[in-house]
Structures are given as C-alpha cells and as structure tokens.
Amino acid sequence: MGRYLVERSFPEGLKISINDEGAAMCRMIALNNAEDGVTWIHSYVSDDRKKTYCICDAPSPEAIRRASRRNNLPIDRIRDVRILNPYFYQ
Amino acid sequence: MDELEVILQAVAGGSGRVVLVTGEAGIGKTTLVERFAERHNTKARVFWGACDALFTPRPLGPLYDIAPQTQGELLTLLEQQAPRPSIFSAVVDELQKTKATSITVVEDVHWADEATLDLLKFLGRRISRIKSMLIITYRDDEVPPDHPLRLVLGDLPHRSVARLRLLPLSESGVNTLAERAGRRIEDLYEVTGGNPFFVTEALASKGAGIPSTVRDAVLSRAARLSPASRAVLELVSVVPARTQMWLLDDSIRPDAALLEECVSSGILRYEGDAIAFRHELARRAIADSLSVHRRQSLHALVLTALVNRGSDALLARIVHHAAQAGNSASVLKYAPVAARQAAALSAHRESASHYQIALQYAGELALEERAKLFEHRSYECFLTDQTEEALQARREALEIWKQLGNHLRQGDNLRWISRIQWFLGCGMEAETFGNEAVGVLEKLPPGPELAMAYSNRAQLHMLADEREKAVLWGSRAIELARSFGATEILVHALNNVGTAEYLGGNDEGRVKLEESLRLALANNFQEHAARAFTNIADTALRLHDYKLAMRYVDSCIAYTTEHDLLAAKLYMMAWRARAHFEQGEWDKVADDADSILSVDRVSAITKISALAVLGHLRVRRGDPHAERVLNEARELAMQTRELQRIAPVASARVESAWLKGDVEQVIREARFVLEMAKTHDDPWLHGQFASWIWRAGGDIEISEKIPTPYALQMSGNWRAAAEAWKQLGCPYEEAIALADGDETAQCAALVIFERLGAGPAAERLRHVLRSTGVRGIPRGPRPSTKQNPAGLTTRQMEVLALLAQGLGNAEIAERLFTSIRTIDHHVSTILAKLDARTRAEAVSHAFQSGLLKQNRQSSAPN
C-alpha cells in the first residue's frame, strides 16, 4: 500500500455542493474506490475549482486509475508522496 | 439449512449449483449436510464421497466411494483404469441419467488429491446444465492462499456457486445446550470458543469443570470404556476417515459386543458398511495418545489386511500404512505402483509425493532402481511447478548414473537439467548442460535421447534468437526423430526450427509451426500444443502482425484454460498485455499484468514480460513506481541472457530516459541492445533501438535491414512513417512520428497522446510547441466512461434491473444464483451510490438519470 497525490483538472469547474447531494456523491466515490482497495483520505480544491489534489492510499497506480475510471474522474498525474510534518523536529 | 433448501429449489428448476460449505473442524459441516441429505433422500438421488487424511491422498478417492452407490458403468470404468476423460464424462452421464434431482456430497476437500480437484472443476463448469447439486465441504481455515483448492474454486463459474460459511455457536447457544444437558459449567463458551463438537464433548465428559482441550474431552470419554473395547477404538483411530467392516474383521476380528460398546458410548458410529469416529478430531485425539510402538503395530495389522485384499483402489492406503508401520519393504513395493497409478489419473502432485516416500526408504535399494525413482519424481515435480525439487531429483539421478557408468542415462539427465535450468531463468546453466548432454550422447549410437538433446539445443538457440544455430540443430533432430518414428520429438523440433525461421521472416517457418501444432493436437500432446500456439502468437507479435497474433493468442488462452495448463496460459496473457500495450489499449494491459503478478508461483520468464510491460505503461503514463518494477524485471531478464526478455525492459528504460531528457543514458542503453539485436539479426529491435539513438542525436548507420516505419522516420519522412505506424495499428508510435512533423502534425500527435493518457509525452510536446510560439495548443478529449454515470458495477446493474422489475431480495438472489446476504449488500451499495433512501427511490433515480433505460437490455439476466 502506498500513499499518492492525484492531480485532476476540471476545465468547467468541479461541481460539488455542500449539501446532501454532495455528501452522496462523496459516498459513491468512496464506495467505488473501495472495490479497488483505494482509500480517499482528503483533497485540496483550487479556488477556481478547476484543479483538485487528492491524497489517497492505494495498492498501485493502476488501482487508482481503475477506480477513477469508474468514478468518471479525470487524472492529470499520479505522484507517490511521503508525509513531512513541520512539528516532526520539535 | 434454509439456504440449502432455497438452492435445491433452484436446482430442481433445472440449473445445477455448486455449494461450498465451510468452517473450522468440529463446526458441524457434516452434520448439516447429513441432515439435509436425509431430508431429501426419498425424492433426490444422494451420492456421498469423502477425501481422507492420508499423507498422500488416494487419487479420485471420493469417486471410489461414490461409484458403488451408482448402478452405472462408473465402477467398471474405475476398475479398468479407463482414461480420465471417459471417467469424468461417465460421472456427468450418471448425474443426468434420471429426471430426479441429484445431490452429490464431497467432504473434506482440503485433503483432496489433484485428480479429485480436477473432477470438481470439471463438474463445476458443467453443473449449470445438469439438475444436480454438488455440495463441497472443507475447512477454510486450513486452506492457505497457495492451496491448489483455491485455484479450483476461483475457476468455478461465479453464477453457479453458493457459499455457506458455518459460524461458531453464540454464547447463548452454548448455554442452551448446557441447560438441555442438565449441566451448568462456567466458562464453557470461552474455553470451547462455541465450537459445537467441543461443546458436545465437554458436556459428555462428566468430570468436574471443563477439559482444557478438545483432546482431553475425548480421552476422558474413552477412558470409561473396557480395555477390550478400547483396543478396537485404537485400531479404528489409525485408519483415516472410516474403517470398513471387512478391514476390522481381517485385522482384529472384534466381538460384536465390543463394537456395540464403542457405538453406544457415543464415540464411534456406523456409516454404511463401515465404522468411524463421530468426528475426525476425536480420531486424531485417540491416535495421538498411542505409544509409537503400539501405533506402528496397529498400522502393521491394517497393512496386512489391506495387502491381502489385493485391490488397486487400496494402493494409496497401503502406502500410507506401510510408511506409518515403518515397513520399508512394503513401501518400496507399493509406493512406485501407487505413484504410477496416480500419474495415470493425472494426480501428478500425489505421484511425486509417493515417489518421495519411496525414496525415503530406498537406502538399501539397488542403485539403478534408485536412480529411476529420482527420474520419475523429477518428472512429476516438473509437471506440478515444483521446479527446484525437480532439479534436485535430476541431480541425484545423474550422480548415480555417473557412478554406474551409464552414459545414455547421464546424457538424458543432463538434457533434462538443461531444460529445468531454463525454466528457472538460468540461461548460462541451461546452455552448459545442454551442450554437455549432446557431447555425452554423440559418443553413443544415435537414438531418441540424442534426437531430444539436439532438439533441446535447437530450442535454447531459438529462445536466444540464434536462429541459424537453432535451424542447424533442429534439422538434425527432425531427421533423427523421423527415422525413429518419434512423433513427440518431431513435434518439439518442428516447433523450434519453425519459430526460428518464421522470426527470420521466412514463411516456411510458419508452415512448420502449424504442422507441429496439428501433430500435437492430433496426438493430444497438450504441452506441445500450448507451446506451438504461444510461439506462433508471440512471433507474429514480434513481427507486428497483430491480427494473426491476436487470433492465436485467443485460441491459446481458450485451449490452455480448457486443459488447465496454467503456466502456458499466464505466459500467453503476458504477451496479450504487450499486444494491447502496443495497440494503445492501456487499461487492458494493467488488468492482465495484475492478474499475472498476483499468482504466487509464476515462472521467471512470464514475470519478466509482465513486469516489463507494466513498467513501460507507468513510464508512458508518468505514473510512479515505474523504476521499481523495471529494475526487478531487468535483474531477472539479464539472467536469462535472451534478447526477447532483455529488449522490452530496455525499451521501457530508454523511453523513460528520453522523456526525462537524459540523452546520454538513451544512447548508452540503446547501444547495448542494438548490438545484441544486430548479432541476433532481429530487424524490428534493430530498428527500434537505432531510432532511439538517432532521436537522441547519436551516430547511427542506416542499414537496409531496418523495417520501413523506422527507416522512413530516420530519413526524415515523418508523414509516411506515421502512416505506416497507423497501418500497423500502433497509435503511440504514430504520434511519436507525427511529433517530428509540422505544426498541424504536432497538434494531431498531441491529440493522440492525450487520448492515450500519455502524460509525459504530451507534456514534452506541449513544451516544444510553446517554445516555437504556437498558440491555441489543443487539449485532447479526456477518456471517461459516460455510459454508467453512477459508477455501478456490472453485477450491481443486474441487481438494479431486477429491483426495477419489483423483485424482492430473495427472488433476486435466486435469479442471480447467490445468497440473500450478498444481494442485501448489493442493494445497500446501490442505494448509497444512487443516494436513495428506498428501493423505489433508487429505481426512480435510475430511470431519471437514464441509467436503467440504456442498460436494461444488456443487463437483464436471461
């Protein structure tokens, strides 16, 4: 299992509302991910909502692509990342 | 029990099912199935067979139990040792003979032999067409992930399999049982873990408190028997599964009253014409309590009785008791016979195990006999992917033949070692031993062994792309094989020569390969047939003839699936992954590579191909961990020293360096493979690596041998090169060629890269376009699967379609041949994905979003 940063672009802007509908959509994505062993941890969304940066745990990059395909989510790039915490040294 | 009833109704409706009943030892699998069978034995035909805990199980053991329960020809066929396919078909015929539903129970398959597993697979694949219920019980906690049973279960068609996992009793269930027995014991639930057998034994043990283990419980119950009855009990305990009455009579002739005592005490019970422990755990407990001496003498008694009976069906049991009795003469007499019988039934794993037992007792055997035992064991190990063991046994045999000065056998064993070394991915050792074999055998008058040694050399040269040598040695093999009428060697040699010639662009080669395939199929040489399929397919692929390659890839995968040739199937899947990769179907590549790499014992050769293509895919997509898999592939590939393994790995690494702009590494790595490709005269690889060097600005001589698309490219004719790649069906290469062209061509290339998901190549090209001042750089369409916006799986779509028809979960479960629990799970997932609170709401959402309308036809089960 590795940790990945998945960059996605939404040229028309990501449409996700902060209500029940949005919650349902996130639930659906999580369910689809689970079928490939992918765990979505959280995402950062750019202010114009055209880019998202998703942190997830997955068995392989291919698993992320498979799950994203089912979720109809585009992928620009997958990077493997490590945690660096500023309080680590204190 | 209710679930079994539901399934039986479906079976009575005409489509058979396999039911897997699982759970730990003592959980009550047998009890459940027995009750169920009793309830139906008037209307349905019930057959019962069991696998037993012999060190080496009886080949087709359960079928020998079942055959006497039928009136058909099954028993005759088994006794005549008929070929396996006719035995298997006879089983299916038997099940279809009357209109009545049949229930076949095969117990304890965690102990099954290979042939029985094959039978279960055979039945499992056909069950849906028969009015029959096949109940298989096993201890799932004793089946590790690499157990052969897992492969069999994984191969069964999902629709016709139902699973029933028995769980331990709850705390209140245990208390109820205790109350019913009129006893109140503290901690009964904690100590027994709710295991029904343990609970029963503990309640019956009568002592104060609870025995701390199930073994203590059993022993305390047995301690209350008279010494004479205890002696009967002990004899029965050394016989796995059940003891037939005749066996009991022929060994100790017990008084009927003693048997009665054992049965009425609740430890033993009658099972047809046999007597058995109420549970396997109890048998083990008694057997383990015996002194070594006592146990050996009991095994000796059983052995004598079995031998006097003189039946082939008892061989595995004879070997088991002979070994347990420490009787080496009997082991040596019967183990090789049992091994041959097992091999004849394709129970190769059991055969190898019998030879192993014989070898443990072979200390005093004549050297020649021992060497032959090693040879047999090696062959059976080789067939069952126990490659290291196969090599070890060959080495032992070789040593003995050397001592005896038998050059013919030495030569043949050297040839075998060469073959096994190749399988282990050791190219250098394979070559050394192969040459040595020829050297030894050429000093003797020519025979089939020499022909095979020639053909082995031809094969090694062919695999190493040394085509001229392959043809030279192979032609000698063909000539010799024809003169001896040795068809199998002929098939082998034709394949080697054919592949070498075909790869060199000579169509005569394909004719030879097809002849080899035809002969192999006609003579049912399955391994050779698989090899002919794979060699035609992968050679066609190396020549970029995708249409022909895919035709043979598909036939090969169908053939190897049908005949359970797993190694060949995985090898072909690795080539299929490469074919899809080159044709731009990248999602399929990952699916094949993942399934290959998830198999534990996949051969080094197949693993290299899977890792190389997966690594290359990651390079082109810009995904992480490309380097990791490529390094692993490279290490394995270098050991084989074969161009066809090294080149794909190098190709990925070179492209990775190019995408990073490291031209020096491109030139260095490409030059190495280019030299190899030149030596082996492989035009396509020559072209590929020459063009990388050209692209990186290195010096390159344009040879006539370079295939058209590469030659056009390097001479600057990018338009024609792109067209050539398009004709071949390689979109990525087409885009690479277009990227060398004018602005319009470059934009077209960008669209292709974007469509493929080739991030780094697209990024690189965009950079070039920007730096030359091009505006309005296109963004290609993004791949997305719009047909299923809710992201439901195929199975969930099926369930949704049935929901829309107003069916309840039980009805859906029946339609889709699965348990209600599974359907419950699917339905809640569907509700979550469609954000619906009720089933009706889910259906209405599905229609509103067009999900059901457009999928209705394709997803409704027939």
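In this predicted model, β7(B) and β8(B) make a hairpin with 2 residues between the strands. One residue of the turn, Gly272(B), has a positive phi of about 60 degrees. The two strands cover residues 268-271 and 274-277 of chain B, and they pair in the antiparallel sense over 4 bridges.

Take Asp108(B): it is not a glycine, yet its phi is positive, at about 55 degrees. Asp108(B) sits in the loop that links β3 (102-107) to α6 (114-126) of chain B. With a relative accessible area of 16%, Asp108(B) falls under the 20% cut-off and therefore counts as buried. Arg641(B) is another such case, with a positive phi near 60 degrees in a residue other than glycine. Its place is the loop between α33 (626-640) and α34 of chain B. Here the relative accessible area is 37%, so Arg641(B) is partly exposed.

As for chain B as a whole, the chain contains 46 helices and 8 strands. Of its 862 residues, 56% are buried. Among contacts in chain B with a separation of 6 or more, 62% are between residues 24 or more positions apart. The accessible surface of the chain amounts to about 37,200 Å², and carbon and sulfur atoms account for 51% of that area.

The structure holds 9 cavities of 30 Å³ or more, and the largest cavity has a volume of about 610 Å³. A total of 34 residues line the largest cavity. Those nearest its centre are His544(B), Glu582(B), Leu685(B), Gln688(B) and Tyr710(B). Several helices of chain B each give at least two residues to this lining: α28 (526-542), α30 (566-582), α32 (604-621), α34 (643-659), α36 (683-695), α37 (708-714) and α39 (731-738). The largest share, 8 residues, is supplied by α36(B).

Turning to chain A, an open sheet of 4 strands runs in the order β2-β3-β1-β4, with antiparallel pairing. Its edges are formed by β2 (39-45) and β4 (77-80) of chain A, each of which pairs on one side only. From one strand to the next, the twist averages 20 degrees. Inside the sheet, β1 (residues 2-9) and β3 (residues 51-58) of chain A run antiparallel and are joined by 8 bridges. In this pairing Leu5(A) of chain A stands opposite Ile55(A) in β3(A).

A helix goes with this sheet as well. Helix α2 (residues 61-71) of chain A lies across β1, β3 and β4 of chain A, and runs at about 40 degrees to β1(A). Asn71(A) belongs to this helix. Asn71(A) has a relative accessibility of 7%, so this residue counts as buried. Leaving aside residues up to four places away in sequence, Asn71(A) touches Met28(A), Ile29(A), Asn32(A) and Asn33(A).

Key
Residues numbered from 1 in each chain as written. Chains lettered and ligands numbered in written order. Predicted model: local features only at pLDDT ≥ 70, side-chain atom pairs only at ≥ 80, totals over all residues. Heavy atoms only, no water. Pairing = 2+ DSSP bridges. Axes fitted to C-alpha atoms, helices over the stretch in contact; angles between N-to-C directions. Contact = heavy atoms within 4.5 Å. Buried < 20%, exposed > 50% of the residue type's maximum accessible area, 1.4 Å probe, protein only. Areas by Shrake-Rupley, 256 points an atom, 1.4 Å probe, with all protein chains shown as cover. 1 Å grid on protein atoms, 1.4 Å probe; cavity = no way out; pocket = protein on both sides within 12 Å on 5 of 7 lines; lining within 4 Å. Points joined across faces, edges and corners; volume = space filled by probe spheres on them.
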